[in-house]
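Morning, everyone. Please take a look at the sequence and the structure as they come up.

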Amino acid sequence: GLSGYQSPTQLVAGFRQPFEPNKFTEHGTAMEPLTDAFTKEWIANWDVKSAARAGVDAETLRSWQTQVTTKTPGYLTLDERVSHPYFDTERDSRWFGASLDSEGSVIDCEYKNPWDLSSMFRNYYKIIDPAYFAQMQWIMAMRQRTSMLFVATSYSRDTQPPVLLGCVIWHVRFNEEFFRKAIYPLAVLAAGSIYGSLPVCIPHTNKDHKFRDSGAHAQLMSQSATKIYFYKKRDTSDEELRLLHSQ
C-alpha cells in the first residue's frame, strides 16, 4: 500500500505472473556490480572525522570496514527454527522472504540504480521512496538488524565503462513501530490473498504519492534515516541538475 506505481490489488493479481524485464530493470541489474564495488570502496576509505559528522562513531565505522560480506547474496527466508521477534514464524516462515543486494556480517546494503540523474535526485536525495523504505524495514526485521545502508547511484549509459554521475548514501535505522503498524499487518493481508482465499482489502495509502509527499513521511525519514554521503560529478552543473529535476 506504499507504492505510488502499483496498487495492492495489482500486486496480488500479478504475483504468479512471470517477471518481464524492461530497459529500467535491465539498467539496474547491469549497474548493480558497479554500485556494490563503489560502496565497498567508499566504506573502506571513509575517515573517522567524516563519519563522526554524519553521526557514525568510530567503533561502528570500524565494524563496517572489517566486516565479512557475501559476494552473491541470495533470497532469504525466515528460519522456522529461529525465534523472530517481529514475525509469527509458525505461519510466516512459509510466506515471507526478502532479496538482499549486499549481505554483510555487520551491516547490509540495499542498492538502487535509477535510469538517470533526475530520477536519483527526485526519489532518493531528499527522502527515500516509502516503498523502498518499507522494503528496508522488512529486511532489517528479518535479519534482526538495527540499521542498514541504502545506496542510490546514477551511472552514464552512453560511455564505456559507465561513469558515475551521482550517488547518495543513507544510513537507515529499524523503526519497529512503523514495521508493526504500517508494514507487517498489510503484508499478512497480502499473503493471505496470495496463498489463501482472503479478499484483497489493503488501503492504497500512497496513491499518487500522497504519503511520500506528506509530513508523516518526512517525519519518519527524520527519525529513521540519515543522509551520510552525497556525490555529484563536478562537470554536472547546478543548472543542469535543476533542469533534470524539473523533467
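I'll go from the whole chain to the sheet, then the core, then a few single residues.

First, a caution: this is a predicted model.

Start with the overall picture. The protein chain has 10 helices and 8 strands. Its radius of gyration is 19 Å, close to the 18 Å that the globule rule gives for 247 residues, so the chain is as compact as a globular protein of that length. The C-alpha trace spans about 55 × 40 × 35 Å along its principal axes. Of the 247 residues, 45% are buried. Residues 24 or more positions apart account for 75% of them.

Next, the sheet. Four strands form an open sheet in the order S5-S6-S7-S8, and the pairing is mixed. Which strands stand at the edges? They are S5, residues 109-112, and S8, residues 225-232. Each has a single partner strand, so one side of each is left without a neighbour in the sheet. From one strand to the next, the twist averages 15°.

Look at S7, residues 164-173. S7 and S8 run antiparallel, joined by 7 bridges. Take Gly-166 as an example: its bridge partner in S8 is Lys-232.

Helix H6, residues 117-125, lies across S5, S6, S7 and S8, and runs at about 15° to S7. Helix H9, residues 215-224, lies across S7 and S8. The angle of H9 to S7 is about 80°.

Now the core. The largest nonpolar core has 60 residues. Which of them touch the most other members? Trp-46, Phe-87, Phe-96, Trp-138, Val-172 and Phe-179. Helix H7, residues 130-143, gives the largest share of this core, with 8 residues. Apart from it lies another core, of 5 residues, including Val-12 and Leu-186.

Stay with Val-172 for a moment. Leave aside its neighbours within four places in sequence. Its contacts then include Ile-128, Phe-133, Met-136, Met-140 and Phe-150. Ser-224 and Ala-225 are also among them.

That takes us to Ser-224, in helix H9. Is Ser-224 buried or exposed? Buried: its relative accessible area is 2%, and the cut-off for buried is under 20%. The side chain of Ser-224 makes a polar contact with the side chain of Asn-175, at 2.9 Å. Beyond its neighbours within four places in sequence, Ser-224 is also in contact with Phe-133, His-171, Val-172 and Arg-173, among others.

Over to Gln-10, in helix H1, residues 8-13. Gln-10 is partly exposed, with a relative accessible area of 47%. How many residues separate Gln-10 from Val-200 in sequence? The answer is 190, yet their C-alpha atoms are 9.7 Å apart in space.

Last, some backbone details. The peptide bond from Gln-160 to Pro-161 is cis, with omega near 0°. Pro-161 lies in the loop between S6 and S7.

Asp-208 is not a glycine, but has a positive phi of about 60°. His-209 also has a positive phi, near 65°. What about exposure? Asp-208 is exposed, with a relative accessible area of 55%. His-209, by contrast, is buried, at 15%.

That's the tour. Questions, please.

Technical notes: Residues numbered from 1 in each chain as written. Predicted model: local features only at pLDDT ≥ 70, side-chain atom pairs only at ≥ 80, totals over all residues. Heavy atoms only, no water. Core = buried A, V, L, I, M, F, W, Y, C linked by side-chain atoms within 4.5 Å. Buried < 20%, exposed > 50% of the residue type's maximum accessible area, 1.4 Å probe, protein only. Helix = DSSP H or I, 4+ residues; strand = E, 2+ residues; numbered from the N terminus. Contact = heavy atoms within 4.5 Å. Pairing = 2+ DSSP bridges. Axes fitted to C-alpha atoms, helices over the stretch in contact; angles between N-to-C directions. Polar contact = N/O pair within 3.5 Å; in protein donor to acceptor, adjacent residues only side chain to side chain. Rg over C-alpha atoms; globule rule 2.2 N^0.38 Å.
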